[in-house]
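User: I would like to go through this model residue by residue, with the criteria behind each term stated as we go. Please keep the answers careful.

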Amino acid sequence: MCDFLKSLSSLELTPYNTFLYAALVVGVVKVTTTVLSFTSLLLQAYVLPGVNFAKYGANRGNWAVITGASDGIGKEYAFQLAKKGFNIVLVSRTQSKLETVASEIQSKYKKETKIVAFDASTNAPENYQLLEDSLQGLPVSILINNVGASHSIPVSFLDTTEEEMNQIITLNNIVTLKVTKIVAPLIAANTGKNKGTRGLILTMGSFAGLVPTPYLSVYSGSKAFLQNWSAALSGELASQSIDVELVISYLVTSAMSKVKRSSFMIPTPKQFVASTLKNVGRRVGAQERFGTITPYPSHALMHWGIANTLGVFSKFVNKMNLDMHKDIRKRALKKAARIANEKKEL
């Protein structure tokens with residue numbers, strides 16, 4: 001390789017040769033960075049051991065605050081962080097569901113819990129005050145921003161109701177920012193070099209925020225907002241020993257996705273959360289993005305493939321998304337009509 005570069009340097013530097021030489025250098029750099037990026041993905045997804053949560057205060061009496069904690073991914077974050085040695089603050093709407101989750105954590109993992117019944121859809125000031133009061137005196141080191149909402153079925157922006165639009169923006173953006181505004185200062189006060197513990201803020205993103213998604217335009221935009229906000233916050237809080245990451249996922253079996261069966265591309269909440277916590281601080285599929293992780297292996301491969309071939313903003317990917325969600329909408333409306341007819345017959 002060295003001899004080859006020496007022979008190139010001895011060429012007469014005509015404009016044509018200069019262009020070829022520059023193109024070769026750019027090509028070599030691009031191939032090298034692409035290979036390194038993909039190698040890093042494979043190592044993180046399949047080879048490297050899990051991150052040690054002792055650096056975030058595991059088994060030292062520290063607390064993790066989890067929104068949307070009564071079901072699905074949020075509930076799984078609560079279980080797996082309790083297993084790692086954290087006390088858990090469960091934040092969600094339904095008191096009875098929170099009590100059930102809290103009881104399971106106390107019984108199975110012998111960790112303390114606190115419940116904050118918080119109807120995020122109302123964006124009521126008293127909810128935030130209740131959360132702030134409930135956290136006083138707790139050594140919080142982790143926040144999981146998991147609460148969120150999507151469209152009931154794919155729908156064009158012009159046909160999106162104002163109620164649904166407001167609900168999505170409120171839950172995905174306004175509530176997430178306000179909760180973080182309350183919890184992040186507590187994390188900063190309880191972590192840092194002098195405390196020997198780092199802080200962690202994870203916010204749930206989506207492929208709909210990574211790739212502009214027609215017929216989910218409000219949801220897509222709300223998740224894209226979280227991408228830039230989370231990355232900016234990561235830069236701001238790094239000096240305070242707080243790690244901030246947006247967690248990108250494709251479909252996961254959950255009430256929101258309406259998918260009930262897992263597959264190679266669709267993990268269960270347990271599988272997805274395990275992959276996330278294993279690789280906190282690593283990018284996995286989001287190799288080109290700061291403060292971002294696409295942790296589940298098949299999701300990581302898809303993210304990397306799109307980003308390094310067609311590109312997340314390509315017209316082709318946009319059109320493919322449009323056609324897919326038009327078809328999903330068509331099937332959802334057909335199913336709703338069938339159910340309505342069946343009810344009439346009864």
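User: Is Asn 321 buried or exposed, and at what relative accessibility?

Analyst: This is a predicted model, in which local features need pLDDT of at least 70 and side-chain atom pairs count only at pLDDT 80 or more, while totals for chains, interfaces and linings use all residues. Residues are numbered from 1 along each chain as its sequence is written, and side-chain values use heavy atoms, with hydrogens and water left out. Buried means under 20% relative accessible area, exposed over 50% and partly exposed in between, with a 1.4 Å probe and protein chains only. Asn 321, placed in helix H11, therefore counts as buried, at 11%.

User: Which backbone oxygen does the side chain of Asn 321 reach, and at what distance?

Analyst: With contact taken as heavy atoms within 4.5 Å, and residues up to four places away in sequence not counted, Asn 321 touches Val 211, Pro 212, Thr 213 and Pro 214. A polar contact is a pair of N or O atoms within 3.5 Å; within protein, one must be able to donate a hydrogen and the other to accept it, and residues adjacent in sequence count only if both atoms are side-chain atoms. The side chain of Asn 321 reaches the backbone oxygen of Pro 212, at 3.4 Å.

User: Which residue does UniProt list for "active site", and where is its place?

Analyst: The listing comes from an unreviewed UniProt entry and names Tyr 219; such positions are given in the numbering used here, feature names are shortened, and annotations may be inferred rather than shown by experiment. Tyr 219 is buried, because its relative accessible area is 9%. Helices (H or I, at least four residues) and strands (E, at least two) are DSSP runs, numbered from the N terminus. By that scheme, the residue listed is Tyr 219, and its place is helix H8, residues 217-237.

User: Which residues does Ser 206 touch, not counting residues up to four places away in sequence?

Analyst: The unreviewed UniProt entry lists Ser 206 for "binding site", and this residue is placed in the loop between strand E5 (199-204) and helix H7 (207-210). Ser 206 counts as buried because its relative accessibility is 11%. Leaving out residues up to four places away in sequence, it touches Tyr 219, Lys 223, Val 247, Ile 248 and Ser 249.

User: Which helix gives the largest share of the lining of the second largest pocket?

Analyst: On a 1 Å grid over the protein atoms alone, a pocket is an open set of points where a 1.4 Å probe fits, with protein on both sides within 12 Å along at least five of seven lines, and lining residues have an atom within 4 Å of a point. The second largest pocket has a volume of about 210 Å³, the volume being the space filled by probe spheres set on the points, which are joined across faces, edges and corners. Helix H3 (72-84) and helix H4 (95-109) are the elements that give two or more residues to its lining. The largest share, five residues, comes from H3.

User: What is phi of Lys 258 near?

Analyst: Lys 258 is found in the loop between strand E6 (242-247) and helix H9 (269-278), and it is exposed because its relative accessible area is 54%. Its phi is positive in a residue other than glycine, with a value near 65°.
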